[in-house]
Amino acid sequence: GFMIGASLGAAGSLIAAFGLVTHSFAAFVLGHLLIGGFQGFANYFRFAAAEVAGPQHASRAISWVVAGGVVAAFAGPQIGLWGRDWLPQHVFLGSYLAQALLSAAVMLLMSMLQVPKPATAAAEPARPLREIAAQPALRAAIVGAAVGYAVMIMAMTATPLAMLGCGFGTGDVKPVIQWHVFGMFVPSFFTGNLVARFGPLRVMQAGFVLLIGHVAVAASGIAYLHFVSALVLLGVGWNFAFVGGTALLTQSYRP
């Protein structure tokens, strides 16, 4: 499954690069659709790490996966900026080629990974999906995580365009996105403790308060500090809403 996801990332990057070379917007959009599929698969890496590591080492395994996200916060935008002018005749073409190489590296690593088969769950009557989906906790988890994710994606996508429209350069956008992704992943090292102490609903509520704070800061001005502060709040708010929702989800099903 993870190799299929990585292959989507490699194929999508190459198709998007093809769209840039041929000036095909349809190919560019299709490439990003496949890249988004890769992101969907990648969101499950931390769950796979926790399952393979076992209950005693699950938190450490998750932390290692999250640490990769912290590295990506700075490496990703930097690679994108470096690749921008690798091929001067096609701006950002090098960024997509580098992205394809990274996806291929993931495929290579996954091909060498030996994941043990999951143990059989205890024999007990399985509840129908309709009964599981009817639980208020499950619906709250899904809605909360989805809304938090939608708000984060919308604002993260709009911010670089807004900054360029306000006269900032591409080099100014990079650190803003870096600090945003930093805010997305670094809190994961302690969000689990907050969930254990205050409960997933309280953590989700705190996340939405931070997301509202992001809106307030972003709407209060167009200085560089406004963009940086708003995107950090956006990242931390997403983390609380998404992790809190995930934790609440795990309470709504049995093994």
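Trainee: Where does H23 lie?

Mentor: H23 is in the loop between α1 (2-22) and α2 (25-42). Helices are DSSP runs of H or I with at least four residues, strands are E runs of at least two, and both are numbered from the N terminus. This is a predicted model: local features need pLDDT of at least 70, side-chain atom pairs count only at pLDDT 80 or more, and totals for chains, interfaces and linings use all residues. Residues are numbered from 1 along each chain as its sequence is written, and side-chain values use heavy atoms, with hydrogens and water left out.

Trainee: Why is H23 called exposed?

Mentor: H23 has 69% relative accessibility. Buried means under 20% relative accessible area, exposed over 50%, and partly exposed in between (1.4 Å probe, protein chains only).

Trainee: What is the phi of H23?

Mentor: Phi of H23 is near 60 degrees, a positive value in a residue other than glycine. F92 also has a positive phi, about 75 degrees, and is not a glycine. F92 belongs to the loop between α4 (58-83) and α5. Its relative accessible area is 32%, so F92 is partly exposed.

Trainee: V91 is in that loop too. Which residues is V91 in contact with?

Mentor: L20 and R84, leaving aside neighbours within four places in sequence. Contact means heavy atoms within 4.5 Å. V91 itself is partly exposed at 39%.

Trainee: How do you know that D85 and R84 meet in a salt bridge?

Mentor: Their side chains come to 3.1 Å, N to O. The rule asks for a side-chain nitrogen of Lys or Arg within 4 Å of a carboxyl oxygen of Asp or Glu. The pair meets the rule, so the label holds. By this rule the count is one salt bridge. Both partners are partly exposed: D85 at 45%, R84 at 25%.

Trainee: What makes the nonpolar surface patch?

Mentor: V52, L113 and V115 make it, with an area of about 270 Å². Patch residues have over 30% relative accessible area and no salt bridge; nonpolar side chains (Val, Leu, Ile, Met, Phe, Trp, Tyr) are joined within 5 Å, like charges within 9 Å. L113 has 48%, so it clears the area cut-off. L113 is found in the loop between α5 (93-111) and α6 (129-133).

Trainee: Why is α9 called oblique to α10?

Mentor: The axes of α9 (residues 188-198) and α10 (residues 200-219) cross at roughly 125 degrees and come within 7 Å. That makes α9 oblique to α10. Angles under 35 degrees count as roughly parallel, over 145 as roughly antiparallel, 65 to 115 as roughly perpendicular, and the rest as oblique.

Trainee: Which residues of the two helices meet?

Mentor: T191, L194, V195 and F198 in α9 meet P200, R202 and V203 in α10.

Trainee: Why is A100 called buried?

Mentor: A100 has a relative accessible area of 9%, so it too is buried. A100 lies in helix α5. It touches A10, S13 and L14, not counting residues up to four places away in sequence. The C-alpha atoms of A100 and V203 are separated by 36 Å.

Key
Accessible areas come from the Shrake-Rupley method with a 1.4 Å probe; for residues, only the protein chains shown count as cover. Axes are lines fitted to C-alpha atoms, for helices over the stretch in contact, and angles run from 0 to 180 degrees between N-to-C directions.
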